[in-house]
Amino acid sequence: MPMNGQVDEADPAISIASAGDFVALLKPRVMSLVVFTALTGMVMAPVHIHPVVGLAALIAIAVGAGASGALNMWYDADIDAVMSRTRKRPIPAGLIHPNEALTFGIILSCASVLVLGVFTNTLAAGLLAFTIFFYVVVYTMWLKRWTAQNIVIGGAAGALPPVVAYAAATGTVSLESLVLFALIFVWTPPHFWALALFKSGDYEKAGVPMLPVVSGARETRKQILIYTVLLAPIGMLPWFLGFAHWTYGIVSGLGGLGMLWLAIEIWRKPDDMGPAKRMFGYSILYLFVLFACLLGEALVMRMMA
């Protein structure tokens, strides 16, 4: 460090990051979705969890998700620097040193698992540890650079938070929590492949074997349609199985039809990226609305009990 207290930008070991840059390292938009799906899984559990314990569990799950994001950015800094969508992230932008991101991610990972174990139970803590490991090691370090099925298999990590939260509340894993897992798991491929269709040049430049790069746009459009056909009925499973009510049944049915319509539009219009862009945005809304409906119904049932 120079004597005048200014950061030496030539020294790669010195960070010029602000608190906001470290927050960005946690992928806050992804974290918010994780917290929301986890909250839904927790409220749907057939027990009354103490508010302090529930809040601690949600914070631990959120921090675990953020830690996964930080470690993902640490490992993928070379890819992020090439892609237009990610090159302004803190590490490729030169704001955070990779070693800082690694240390930050490891500390938060350990702390989140420890806190969840202390406040809830070992099953929830073990599931959170597995989620972090799966996202960082299995998906980021292995699948993402090795196979076009990276999103399909790696989607398990993003689908686990409601299972973790349900386990935090009950100490068990149930059919309800596994259905929520299946919903997010099957939603992930059409959501990300829609993005990959109109960002395929970025992935090709970075050497990431996303489906459009490896198998072409036609196969990607077909796979989006196949997974969306599977997603529509899976989205309605909570109603079919009796742990959601008619409001959810209507919302999930209409939402699934919207996803199917966009998937068909993607298939029918191979030279138009508009439907893929709309699918990417709509799929986020679809998942949010379904979980919001489940959460709202569960809260109403609790108040009526």
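Trainee: Why does Lys222 count as partly exposed?

Mentor: This is a predicted model, so we go by values computed from it. Lys222 has a relative accessibility of 35%. Buried means under 20% and exposed means over 50%, so a value in between gets the label partly exposed. Glu219, with a relative accessible area of 26%, is partly exposed too.

Trainee: How do you know that Lys222 and Glu219 meet in a salt bridge?

Mentor: Check the atoms and the distance. Their side chains come to 3.3 Å, N to O. The cut-off is 4 Å between a Lys or Arg side-chain nitrogen and an Asp or Glu carboxyl oxygen, so the pair passes. The two residues sit 3 residues apart in helix H12, which means about one helical turn separates them. Elsewhere, salt bridges with shared partners link Asp76, Asp78, Lys144 and Arg145 into one network.

Trainee: How many salt bridges turn up in a search of the whole structure?

Mentor: The search gives 7. Take Arg145 and Asp76, whose closest N and O atoms are 3.0 Å apart.

Trainee: Is Asp76 buried or exposed?

Mentor: Buried, because its relative accessibility is 0%, and anything under 20% qualifies. Arg145 comes out at 32%, so partly exposed is the label there.

Trainee: What makes Asp78 and Arg145 a salt bridge?

Mentor: Their closest N and O atoms are 2.9 Å apart, again within the 4 Å limit. Asp78 is in helix H4 and Arg145 in helix H6, so parts 67 residues apart in sequence get tied together. Asp78 itself is partly exposed, at 45% relative accessibility.

Trainee: Where is the kink in H6 centred?

Mentor: On Tyr139, with a bend of about 50°.

Trainee: How many disulfides does a search of the whole structure find?

Mentor: It finds 0. Counting one would take a pair of cysteine sulfur atoms within 2.5 Å. Cys110 is exposed, because its relative accessibility is 51% and the line is drawn at over 50%. Cys293, at 11%, counts as buried.

Trainee: Which residues touch the most other members of the largest nonpolar core?

Mentor: Leu183, Trp193 and Met279, in a core of 52 residues. Several helices each supply at least two residues, including H2, H12 and H15. H9 gives the largest share, 11 residues. Apart from this core there's another, of 23 residues, with Val34 and Ala57 among them.

Trainee: What does Leu183 touch, leaving out residues up to four places away in sequence?

Mentor: Its partners include Leu231, Ile234, Tyr248, Tyr286 and Phe291. Each counts as a contact because heavy atoms come within 4.5 Å.

How values were computed:
Residues numbered from 1 in each chain as written. Predicted model: local features only at pLDDT ≥ 70, side-chain atom pairs only at ≥ 80, totals over all residues. Heavy atoms only, no water. Core = buried A, V, L, I, M, F, W, Y, C linked by side-chain atoms within 4.5 Å. Buried < 20%, exposed > 50% of the residue type's maximum accessible area, 1.4 Å probe, protein only. Helix = DSSP H or I, 4+ residues; strand = E, 2+ residues; numbered from the N terminus. Bend = angle between axes of the 7 residues up to and from the residue.
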